[in-house]
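Here is a short briefing for a first look at a protein model. Keep the sequence and the 3D view open while reading.

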Amino acid sequence: MTDPYKVLGISPNATDEQVKIAYRELAKKYHPDNYANNPLSDLAEEKMQEINQAYDAIVAQRRAGHSAGGQTGAGAYSGASQFSDIRRMINVGRLAEAQELLDGVAAANRDAEWHFLKGSIYYSRGWLDDALQCFQRACQLNPQNSEYSAAYNQLVWQRQNGQPRYNQSPFGSSTTVGGCSCCDICAAMYCANCCLDACGGGCF
């Protein structure tokens, strides 16, 4: 197997932040959207897959080292969400950059949080139908998460009443959306469950 550090062009002693920076730069360079209608599109897609696999391998190595009480490189993986940087980008309005990184995530790794963050970007851009599909998919994949349920509930309310229920985006803090009560969350869970069969597919 190719050395993942060589793929990203960094040293095994690189810090976690240096790993992320190297990944972002390569993801921007080889993202398939940059090679639309280009003879090099297939090569770019292969390179993007290689970059994703290398990054995933490094993160997994550092997570394993951290779990075992050891360290890999200059800093062990912190155990935080793999999407924490993307969350920060969305919070400060760097939507294009956040979407580019999300789109670079391999399909097999697109979990509930991926769909929630994708929906948050769609919502911020006013694409409510796409946002609703993504929030619903996030609820399907992780029905116990109150953040995803509250976002879904708020958007359903907005579509039914023509205005947001709360004075903010569904994308709130890392745990809850401001102003949501337990009843709101329960209602969202109920709506999500009712729609599981009706709105299959989700966000891509």
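The points below go from the overall layout to single residues.

The model is predicted. The protein has 9 helices and 0 strands. Of its 204 residues, 43% count as buried.

**Overall layout**

- From the N terminus on, the elements run α-α-α-α-α-α-α-α-α.
- Helix H1 spans residues 4–8, and helix H3 covers residues 41–67.
- Helix H4 takes in residues 84–91, while helix H5 takes in residues 95–103.
- Helix H6 is made of residues 112–124, and helix H8 of residues 146–161.
- Helix H7 runs over residues 128–141.
- Domain 1 covers 4–66 and domain 2 covers 82–162.

**The largest pocket**

- The largest pocket holds about 230 Å³ of space.
- It is lined by 14 residues, and the closest to its centre are Met48, Gln49, Asn52, Gly104 and Ala106.
- Helix H3 gives the most to this lining, with 6 residues.
- By type, the lining residues of the largest pocket divide into 5 nonpolar, 5 polar and 4 charged.

**Aromatic pairs**

- The whole structure contains 4 aromatic pairs.
- One of them joins Phe116 and Tyr148, with 5.0 Å centre to centre and 35° between the planes. This pair is tilted.
- The pair of Phe116 and Tyr148 links distant parts of the chain. Phe116 sits in helix H6 and Tyr148 in helix H8, 32 residues apart.
- Tyr122 and Trp127 have ring centres 5.7 Å apart. Their planes meet at 40°, so this pair is tilted.
- Tyr122 counts as buried because its relative accessibility is 11%, under the 20% cut-off. Trp127 is partly exposed, with a relative accessible area of 40%.
- Ring pairs also link Phe116, Phe135 and Tyr148 into a cluster.

**A charge over a ring**

- Which residue lies over the face of Tyr30? Lys47 does, at 5.8 Å from the ring centre.

**Contacts across the sequence**

- Arg87 has its place in helix H4. Arg87 is buried, with a relative accessible area of 12%.
- Leu95 lies in helix H5. Its relative accessible area is 16%, so Leu95 is buried.
- Leu95 and Arg125 are 30 residues apart in sequence. In space, C-alpha to C-alpha, Leu95 and Arg125 are 8.6 Å apart.
- Leu132 belongs to helix H7. Leu132 is buried, as its relative accessible area is 15%.
- Leu132 and Tyr152 are 20 residues apart in sequence. Their C-alpha atoms are 6.6 Å apart in space.
- Lys6 lies in helix H1. Is Lys6 buried or exposed? Lys6 is exposed because its relative accessible area is 66%, over the 50% cut-off.
- Lys6 and Ala54 are 48 residues apart along the chain. The C-alpha atoms of Lys6 and Ala54 are separated by 8.8 Å.

Technical notes. Residues numbered from 1 in each chain as written. Predicted model: local features only at pLDDT ≥ 70, side-chain atom pairs only at ≥ 80, totals over all residues. Heavy atoms only, no water. Helix = DSSP H or I, 4+ residues; strand = E, 2+ residues; numbered from the N terminus. Buried < 20%, exposed > 50% of the residue type's maximum accessible area, 1.4 Å probe, protein only. 1 Å grid on protein atoms, 1.4 Å probe; cavity = no way out; pocket = protein on both sides within 12 Å on 5 of 7 lines; lining within 4 Å. Points joined across faces, edges and corners; volume = space filled by probe spheres on them. Nonpolar A, V, L, I, M, F, W, Y, C, P; charged D, E, K, R; others polar. Domains from an automatic or database assignment. Phe/Tyr/Trp six-rings, centres within 6.5 Å; stacked < 30°, edge-to-face > 60°. Lys NZ or Arg CZ within 6 Å of the ring centre and 35° of its normal.
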